[in-house]
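Reader: Could you take me through the salt bridges in this one, slowly? I'd like a close look at who pairs with whom and how exposed the partners are.

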Amino acid sequence: MKAQFTNLYVKNIDPVVTQEEFENLFTPYGSVTSALLSVDDEGKSRGFGFVNYETHDEAQKAVDGLHDSEHNGRKLFVSRAQKKAEREEELRRAHEQARMEKLNKYQGVNLYIKNLEDDVYLRIVETQPELAGKITGMLLEMDNNELLRLLEDNEALNGKVTEALSVLNEFKGQ
């Protein structure tokens with residue numbers, strides 16, 4: 001079920017647009033109860049604003065008619081106004097969905113890393129200077145969740161480097 005909204009958020013407004021021009025842009029779509037163009041301390045437009053209609057249908061008509069339309073050479077973004085928490089939750093959900101799609105895309109794929117970057121070399125130099133220059137690559141067995149966690153968590157990555165070095169030292173001692 002779609003949300004029944006009357007309040008709109010508008011962005012990418014040309015800074016030369018006045019409050020009156022802003023209101024006039026939305027009145028053809030219905031009865032505007034309020035329109036506010038955000039301005040700075042000097043009265044100059046900040047490029048976004050809010051418009052409220054009496055009914056949801058009027059607001060929806062404005063979204064349909066003005067979203068992605070050009071006004072003063074700029075493509076307007078017109079959408080339902082959302083509270084910050086609601087917008088953040090929606091973005092978090094989209095990010096998590098993209099992350100899961102990426103994870104599923106590479107499920108069961110082997111990863112081989114060669115030509116390690118200088119920062120990995122520098123970490124090895126810091127922790128095991130006597131091995132520096134000898135390691136050119138290493139096969140680490142891990143699942144995709146762990147790999148993603150390592151890419152996002154520097155401390156976990158350092159732990160994995162330490163673990164790999166201890167395996168290497170065990171092998172060296174045999």
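This is a predicted model: local features need pLDDT of at least 70, side-chain atom pairs count only at pLDDT 80 or more; totals for chains, interfaces and linings use all residues.

**Salt bridges around R99**

Author: Let's start with R99 and E96, which sit three residues apart in helix α3 (residues 84–105), so about one helical turn separates them. Their side chains meet in a salt bridge, with 3.6 Å from N to O. How exposed are these two? R99 counts as partly exposed, at 22% relative accessibility, and E96 is also partly exposed, at 32%.

R99 has another partner: E152 forms a salt bridge with R99, and here the closest N and O atoms are 3.9 Å apart. E152 itself is exposed, with a relative accessible area of 58%.

There's a network to look at too: E89, R92 and R93 are joined into one by salt bridges that share partners.

Then there's E86, which pairs with R80 in a salt bridge whose closest N and O atoms are 2.9 Å apart. E86 is partly exposed, at 33% relative accessibility, and R80 also counts as partly exposed, at 24%. As for why such pairs turn up, side chains of opposite charge can pair when their charged atoms come close. Overall, the structure holds six salt bridges.

Methods:
Residues are numbered from 1 along each chain as its sequence is written. Side-chain values use heavy atoms; hydrogens and water are left out. A salt bridge is a side-chain nitrogen of Lys or Arg within 4 Å of a carboxyl oxygen of Asp or Glu. Buried means under 20% relative accessible area, exposed over 50%, partly exposed in between (1.4 Å probe, protein chains only). Helices (H or I, at least four residues) and strands (E, at least two) are DSSP runs, numbered from the N terminus.
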